[in-house]
Each structure stands twice: as C-alpha cells, then as structure tokens.
Amino acid sequence: MTGAQIEIQLIAVAVAVACALPGVFLILRRIAMLSDAISHAVLFGIVIAFFVVEDLASPFLIIAATATGLLTVALVEILDRTKLVKEDSAIGLVFPVLFSIAVILVSRYAGNIHLDTDSVLLGELAFAPFDRFEIAGADVGPRALWLIGGILILNITVIVLFFKELKLVSFDPALASALGISPVVVHYLLMTQVSITAVGAFDAVGSILVVALMIAPPATAYLLTDDLRRMIVLSGLFGVMSALSGYWIAHWMDVSIAGCIASMSGFWFAVAFTLAPRRGLLAAAIRRRNQKKEFSVYMLLIHLFSHEGLPEAELECRMDHLTDHLAWSPNMAEKAVEEAVDRQLVVRDDQHLKLTKKGVDQARAAMVDWAPGGYVAS
Amino acid sequence: MQIVTSLFTDYTLRTVALGAGILGIVSGALGAFAVLRRQALLGDAISHTALPGIALAFLITGSRAAFGLMIGAAIAGWLGTLAVMAIISKSRIKQDSALGMVLAVLFGFGLVLMSFIQRLPEAGKAGLDKFLFGQASTMMTEDVVTMAVAGALALIVMALFWKEFKLLSFDQDFGASMGFPMRVIDILLITLLVVAIVIGLQSVGVVLMSAMVVAPAAAARQWTDRLGVMVVLAAIFGAFSGVCGAVLSSLSDRIPTGPAIVLCISAVVLLSMLFAPNRGLLYNRLRAARRRRDLSVEALLIDMLELARQHNDTGHPHSADTLRTMSYRPEGIDHSLQELRYHGWADLTVDGLWFLTGKGQTRATELLQNLGNKA
C-alpha cells in the first residue's frame, strides 16, 4: 500500500463513521430522507459562499453550507406548517429548488473552476490526497482528512455529551419535553451535525455517498440489536467495513470509489437483511418452519386424542386418514408423524397411530393452552 | 416573441419542448396519486435507481438509443421500488430509511457502472452523464415519439383503472373489503409512475426528476379538492413548466435543462400556495383580516348600544374617543365607525358625535340576542 492509498482509506473510514453516528438517530426518528435533502441542498450554500469569497478552501464555505442545511430543514418545517402540503412533499419540494439554483450557477458561472456538477454528486476520493494541508509550510496530510477527522471528533463529542438527550428525544419526545429537554433544540442539534457532516464529506466523497453512509450502516445495525449503544457501535463498524471493502473493490476494478463504498454499504445491509440472527429473512423462514412443524405435531396429538378410545378410532387414528381429515399432504402427514414419534409422543404401527402416555399429557396441556376459557375435553 | 415563433420553426427547440411537455403531462398526472398517497419521495428513489438500469442497458445494447435506455431505467426503477417494499414489509426498517438507502446505494452502483463505461475505449464519454441533470438538447424526434407512446399508454391505463386508483389513494382498506386486489393495483400504479419518471430522465435527469413528480401535484392540490381536476391541473402545470424550462435552457447551452424545469415548476408551486383561492396563504390572510374586521364592527355596534342604554336613550350619541376607550382594538375604531355608517347603522351628529340609527339599534339588539343564545 502506498501512502496515498492509506490516506484515502483513512478518509473513507472517517467519513463512514462520521456519517453513521448521526445516521443512527435519523433512522430511529424516521427522518432519514432529510439527509438526502440536506446533502443536496448544501451545494447551494457552498456555491453562494464561493461566489462571495472565491476560495474553495475557505472555512466560510463550510459555515455557509451548514447554514443552508439548517435552512432546508427550516423551510421544510415552514411548508409543513402551512398545512398546504404534507411533510414528504415538502421535502421533495425544497431541496430540488436549492439544488437546481446551485447547479445552474455552477454550470453558468463557474465552468472553469474545480467545482463542477459531476464532482458534486460523485466526489472523487482518489484525488483527495492531492489536496494537502500545510501548517507553517510543513505538510501534515490531506486537507480532507483533517476536515473529516475534525467532524468525526465533533460528532463523537456531541453524541457522548448529549447521549441521554438524543436518546430520549428519539424514543419519547413527549417525555423529553416533560423533563425539560426541548425536542426542537435537540432536533436542530442533530440537523447541524448532519449538515456539517454532509458538507465535510461532500468535497471528498460526493453527496450521494453521504446519504448511503448515513442510512445503510445504521439500518444494518438496527437489524442486529435493540440496544442503542450497541447500535451506534455496530453502525460505525458497518461504516468501516463498507469503506474498506468498497475501496478495495474500486481499486481492483478501477471504478468510482465513492460508488463502490455506497454499493458495499448496501451489500452489508443485504447480508444482514437475509442472515441476521433474529430478524433476517432466513431466521424468519426457519422460525416459520419450526412453528409450522410444532403446530402440526400438536394438531396430530389433538386429533388422535379426541378420537382415541371411541368407536371410530380404528378409522380416524390412521396414517392415511390424516390427509383426508386434516387436509394434509401425505408428505406433511409423514413429517408430522415422524416428528411426533421422535419425541415419543406417538407410537406408529404401520398405518395405525396411538398416543403414548406423554402424548396424552401434551395433548391435554395443549388444549388447556389453546381452548377458550381453558376448556378440556374429557 | 421570437422564442414563441422559434418554438414552431426551430427543429431542436420544437423537439425539446415537445419532449419536456410530454414529460410534464405524464409525471404531473401520475405524480398526483403519489403525492396524495404520501409517496412523494418514492419518485426520488425510482429516478435515482434508474441510473444503474441506464448504464446496464448501455453496456448490454451498446447503444444510446432512448428506447433501450428507457427499458433499462424502467426495469431498474421498478426493481428498486419492489426492494423498498420488500424491506419495509420483511423487516423493521421504516419507509424513510428504506427509500433513502435503496436510492443512495443503487445510485452509487450506477456511478460504479458509469465510471466503468467511461473507461471503455469504444464508449468515449457515451453521453450518459447527461442523464444526471438532463440535457434535452440531445433529444431526437424518435426519442420524443418513444416518450409520447409510452406516456400515452400510461395515461390510458390510468384512465382505465381510475376508480381503482382513486380507491387506493383515499381508502385502501375499504377497497380491500370490497374485494379489490389492492396489492396488485398498488404495484400497477407504481409501474405507471416508473414509466412517467423514465420518460423524463432524458430532459430532467435522475437527480431532479423527483421534483417533477411532487411539484405539479403539490401546486394542483392548492386549487381543488377533486381528484379529477387535480390530475388535469397537475398535467397542465407539468407541461407548462416542462416547455418553459426547455426553452429557458435552450437560450444558453450553459443552463442544464433539469434545473431550469425544476425552477419553473417550483415557481408555479409558490404562486399556487400564495394565491390559490380557498387554500392559498394570501386568501387565508385576507379572510382572516375580513373576519377580524367584521368582528370589531360587531363589537363596536354592541358597545354603542350598551353605552347608549345607560343614558336611557338607545340613540344617545358619543364621541369616537369614548368609544375607543371601550374597544379591544382601539386603533381600528375609526375604520369600524366608517363601516357602520356605510351600512347605515350609525351616523354623525352635527357636533361630530356618533349615534346608532334605528337600523343599527335593531342590528345590535339582534347580535346581543345571538350572543345570549350561544352563551
């Protein structure tokens, strides 16, 4: 690995974690789409500020862009409050306007500078190491790394300091205001974080990766845990995994790094979506199958129990009768009986089925559990 | 004026304006349903996820013809939507997160494919990046024909399933209880929305296409409470801003078409929100002011009657200043007095004092009685 490669990966990892932290609260509060709106709208602030100071490296750009992010949130709220449009429409109305103005300004007046429309969305991490940060003439690393590193530290600090407030407002805003924690203040604190992060990450990785990294890793973590602290840590971890795996795939295939990182964040989500221990598709499928098996065994027990010892038992308590009476496929009947025999609940004598003592007990218990009012057939 | 004539004579401008107009009609009409169903941001997801579809279609067919790219975009957009729906129904992830994630991840994947295409020797720049912000000037007549046919089909299907879509938008549960297959209808409507979005990609671009779904409908909503009127209005607004934006952008090659169209439709939204009758902000402001005025006039009428009764003469005159001290809104007293005089409820004595006329006394008594009834 060359120095530049290490630097790119460091930047990617820092962006990923910096995005994942506020992202956790975005998805818990169901306002994930605001990250999409903010990350597009900050371009407006950057462009306007650029026309004023004419220096892309000026910290004024970051301040202006962050302010635009907050402006977007405020405008969405104002629109929402007129009751003329719903909140989702409000989001969909506000950011395209700001973004459109910015794109027109860029393509009309800033054609010759570094700020072009493609790099806005795509970002080019591969170039990040070329833009060096110097203190007193000494090269101390890429500028993007310092910027994003700073934002990462800021995000960690905010979350550590205001963990309780953020948690309370995310899960129970009414209780929060009753306890004197203003949900509005906390909301704007979070939005400031999202805006600053979007702005900082914007130059290096483009706005779309910001959205991917703010939502996908926290969503992945959300499938794996119910504990907020654990979710935050896992989100960071998935962010790092996306950044590193994305970087190396992009490196091997010689394609867009930001695009690959975004794709990989989706890939890790897909993995968790299918394989998560309790909430994954696979776990759910297995659980359903077990429930089905469990249920069919009990059906069998109750069926046998209600006919055993009666005149029709000879007819009812037979293998082939299950397919008629319970409308089971022969395959399913076979499986249910096999399971019941395995558990020593039923003895099977060719076609004939008989409950064991244990089987009778379980059938009786099952009917107490399931029957309304605990009615038991004697 | 020259622009208007060149709309009919200039080949490129005519093609572009036609294309943008068609996109406005179709996305406006179908967007109305999306907005009513609070799926405004679904358009954002569909248009972003179209990008990998466009890139893959280009890789497979090796051609930039609109038809192939549109098919690719449609399939990708449709799959993206199904992914969103699957994530919502099969996990605890909520709609906003599912939309944002699918949008960003698939767009990122699209960028990967685009950067791959740009390295291909035969592709050169392929011009696919025009799909990001739209470049209507690259549109050909056959592209417009493709768009028109696809758009017409989508609108015909919309008309055929009008009742079902209406049911879906306003009372899904009722529809299900009537035995309509609401899931199928849902997917059908989304498919139409995908078609509408795909039609617009070439002129507006994937990044801003969502605005063409939301904005015309949001503007139309302000003018009416009827679905049919809303759909037609949204289509008109969409077409109008499509043409305007296309013309604006053709004036200079440094204005991308997508943002130009978005600014036009956003202006329509702003005007609608301000000036639409019944719902518009200005109308509401006026109505509130009118109510306030009526109220202070009525209050003054009652004040005058009460005051005069203390003199055992219901026509007893008082100075405006005396009345002012009683008023809850003293600054409006002169205006209210003029209003009373206009109605013939009060008048001035020769000394410049105000008294209630017989008509005014009747009116004030009525008002007092009403108040008593309510209390």
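Of the 220 residues in the largest nonpolar core, the ones that touch the most other members are Ile11(A), Val15(A), Val94(A), Ile148(A), Leu30(B) and Ala32(B). A nonpolar core here is a set of buried Ala, Val, Leu, Ile, Met, Phe, Trp, Tyr and Cys residues joined through C-beta atoms within 7 Å. This is a predicted model: local features need pLDDT of at least 70, side-chain atom pairs count only at pLDDT 80 or more, and totals for chains, interfaces and linings use all residues. Residues are numbered from 1 along each chain as its sequence is written, while chains are lettered from A and ligands numbered from 1 in the order in which they are written.

- Leaving aside residues up to four places away in sequence, Val94(A) touches Ala37(A), Thr72(A), Leu75(A), Val76(A) and Leu79(A).

**Where the chains meet**

- In all, 50 residues of chain B are in contact with 52 residues of chain A, contact meaning that C-beta atoms, placed from the backbone, lie within 7 Å.
- Helix 4 (66-90), helix 5 (95-119), helix 6 (130-133), helix 11 (209-223) and helix 13 (257-275) of chain B each supply at least two residues of the side that touches chain A.
- The largest share of that side, 16 residues, comes from helix 5 of chain B.
- That side of chain B divides into 32 nonpolar, eight polar and ten charged residues; Ala, Val, Leu, Ile, Met, Phe, Trp, Tyr, Cys and Pro count as nonpolar, Asp, Glu, Lys and Arg as charged, and the others, Gly among them, as polar.

- The axes of helix 2 (residues 33-53) of chain A and helix 5 of chain B come within 8 Å and cross at roughly 45 degrees; axes are lines fitted to C-alpha atoms, for helices over the stretch in contact, and angles run from 0 to 180 degrees between N-to-C directions.
- Helix 2 of chain A is therefore oblique to helix 5 of chain B (angles under 35 degrees count as roughly parallel, over 145 as roughly antiparallel, 65 to 115 as roughly perpendicular and the rest as oblique).
- Met33(A), Ser35(A) and Asp36(A) meet Asp96(B), Leu99(B), Gly100(B) and Leu103(B) here.

**A positive phi in a loop**

- Ala327(A), which is not a glycine, has a positive phi of about 55 degrees, and sits in the loop between helix 15 (319-325) and helix 16 (330-342) of chain A.
- Ala327(A) counts as exposed because it has 8 C-beta neighbours inside 10 Å (buried is 20 or more other C-beta atoms within 10 Å, exposed 12 or fewer, and partly exposed in between, with C-beta atoms placed from the backbone).

Note on methods. Contact = placed C-beta atoms within 7 Å. Helix = DSSP H or I, 4+ residues; strand = E, 2+ residues; numbered from the N terminus.
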